Amino acid sequence: MKIEQNHIQDSNKKSLQSHQEQFDFLSNNLSKKGADVQGIINKLKDFQVAIPSWALGAGGTRFGRFSFYGEPSSLEQKIQDVGILHALTQTAGAVSLHIPWDIPQDYAAIKEIANGLDIKFDAVNSNTFQDQKDAKETYKYGSLSNTSEAVRQQAIQHNLDVINIGDKLGSKSLTVWLADGSCFPGQNNFQTALQNTENSLKEIYKGLPNDWSMLIEYKPYEPNFYSTVIQDWGTSFMLANACGEKAYSLVDLGHHLPNSNIEQIVSILMSKAKLGGFHFNDSKYGDDDLTVGSIKPYALFLIFNELVYGMQNNPNNPDLAWMIDASHNVKDPLEDLIQSLEAIQEAYAKALLIDQAELKAAQLNNDVVKCQEILQDAYRTDVRPLLAEARLKAGGALSPINAYRSLDVRNQLIDERGKHTVATGL
């Protein structure tokens with residue numbers, strides 16, 4: 001299924017006048033405060049978030065998976081679903097593939113489908129947390145950190161193969177997340193596990209094309225619950241430095257212990273020019289992979305405040321790779337992703353409203369009350385008309401969720417694919 005421009009225009013007609021009134025009111029008020037409204041809209045139009053291929057079907061938990069009708073059962077269908085999201089939101093212009101779940105059978109055909117939908121290929125993701133069919137070695141006791149050289153070499157080679165696949169598609173980065181760790185005290189030697197991981201990452205790093213980057217993810221626990229080899233941002237940062245200038249840390253919002261100050265982590269990494277990418281989701285307890293902004297919207301806003309500051313003041317930090325990393329068990333996956341994209345854009349827009357010079361002056365004067373007022377004035381502003389205007393100018397839907405439902409997208413996908421298709425991956 002492909003959403004055509006006339007479908008979106010027909011949907012927008014119903015609410016165009018109401019939108020224009022709301023936008024004009026907000027634009028006038030913000031302009032009086034000195035905000036560059038058109039500049040903010042342009043930044044929102046340019047802001048693109050990659051959709052992970054594994055988020056297009058129903059997710060699940062260790063206890064069960066409830067399939068969603070009309071799931072994409074091939075890479076071609078996954079890219080088509082990203083095309084639906086991008087047509088509606090105009091901010092989902094990339095897809096992030098997970099290998100071996102998404103190995104193309106015909107690279108030229110896959111690239112043609114993506115190009116036709118204005119979709120680029122973001123970071124490719126390796127998988128050494130599951131044993132693959134016909135694999136000689138097992139990752140039961142770790143991959144890049146394993147005590148067995150044969151296991152480590154298999155994991156290294158897999159990552160090199162992933163780079164090769166991504167290179168054929170036009171991707172420019174590799175994301176490495178390890179499940180390596182231990183469940184019981186004494187199971188692993190911490191120093192040996194870390195050194196093995198560093199040595200393995202260096203071997204993978206050697207295989208990067210000159211214009212590529214390697215993003216090193218971290219996670220405090222799960223699936224191992226006593227220790228994780230790359231357990232926090234400091235370890236990721238240390239390993240990135242050990243590998244070289246093309247290696248960076250990747251921050252996943254769910255990969256932190258409760259109440260961690262993620263905005264401070266973001267700020268420090270950007271100041272050291274080592275923040276390479278971002279995985280968006282939300283959580284109540286741990287790595288819940290919930291819809292972005294559904295639980296802690298203010299925390300997301302505070303993180304974006306630091307991101308905006310870093311993008312303006314840390315020119316040595318690379319352009320960031322933005323991606324949603326979520327799992328859907330009770331929602332239509334496409335509706336969930338639309339909600340996440342909206343929440344990300346909303347937090348970004350609110351952060352762009354902050355007068356960073358005024359905030360800096362209040363900080364230098366130790367005016368704590370003023371600092372809070374500046375932040376909360378931006379956060380309390382309803383910026384949804386700005387998002388809608390950015391979508392409208394880019395050719396998207398004023399209300400992506402309403403358009404998705406009025407166009408009856410899910411039922412059309414069911415008609416095309418059937419009820420009981422299952423997406424590859426988790």
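Me: Is F129 buried, partly exposed or exposed?
Reply: F129 is partly exposed, because its relative accessible area is 27%. Buried means under 20% relative accessible area, exposed means over 50%, and partly exposed lies in between, using a 1.4 Å probe and protein chains only. Please note that this is a predicted model, in which local features need pLDDT of at least 70, side-chain atom pairs count only at pLDDT 80 or more, and totals for chains, interfaces and linings use all residues. Residues are numbered from 1 along each chain as its sequence is written, and side-chain values use heavy atoms, with hydrogens and water left out.

Me: And W101, buried or exposed?
Reply: W101 is buried, with a relative accessible area of 15%.

Me: How are the rings of W101 and F129 arranged?
Reply: Their centres are 6.3 Å apart and their planes are at 80°, so the pair is edge-to-face. Rings of Phe, Tyr and Trp (its six-membered ring) pair if their centres lie within 6.5 Å; planes under 30 degrees apart are stacked, over 60 edge-to-face, and the rest tilted. The pair links distant parts of the chain, 28 residues apart: W101 is in the loop between β2 (94–96) and α5 (107–116), and F129 is in the loop between β4 (124–125) and α6 (149–169). Helices (H or I, at least four residues) and strands (E, at least two) are DSSP runs, numbered from the N terminus.

Me: How many aromatic pairs are there in the whole structure?
Reply: The search finds 17 aromatic pairs.

Me: Now the core. Which residues touch the most other members of the largest one?
Reply: They are M214, F304 and L307, in a core of 110 residues. A nonpolar core is a set of buried Ala, Val, Leu, Ile, Met, Phe, Trp, Tyr and Cys residues joined through side-chain atoms within 4.5 Å. A second, separate core has 5 residues, including A50, W54, A94 and W101.

Me: New topic: which residues lie nearest the centre of the second largest pocket?
Reply: Q48, D319, L320, A321 and W322 do, out of 37 lining residues. On a 1 Å grid over the protein atoms alone, a pocket is an open set of points with protein on both sides within 12 Å along at least five of seven lines, whereas a cavity is a set where a 1.4 Å probe fits but cannot get out; lining residues have an atom within 4 Å of a point. The largest share of this pocket's lining, 4 residues, comes from α10.

Me: How much space lies in that second largest pocket?
Reply: About 890 Å³. Grid points are joined across faces, edges and corners, and a volume is the space filled by probe spheres set on the points.

Me: What about cavities, how many are there of 30 Å³ or more?
Reply: The count comes to 3. The largest cavity holds about 70 Å³ of space, and its lining includes L44, T89 and P400. With 4 residues, α11 gives the most to that lining.
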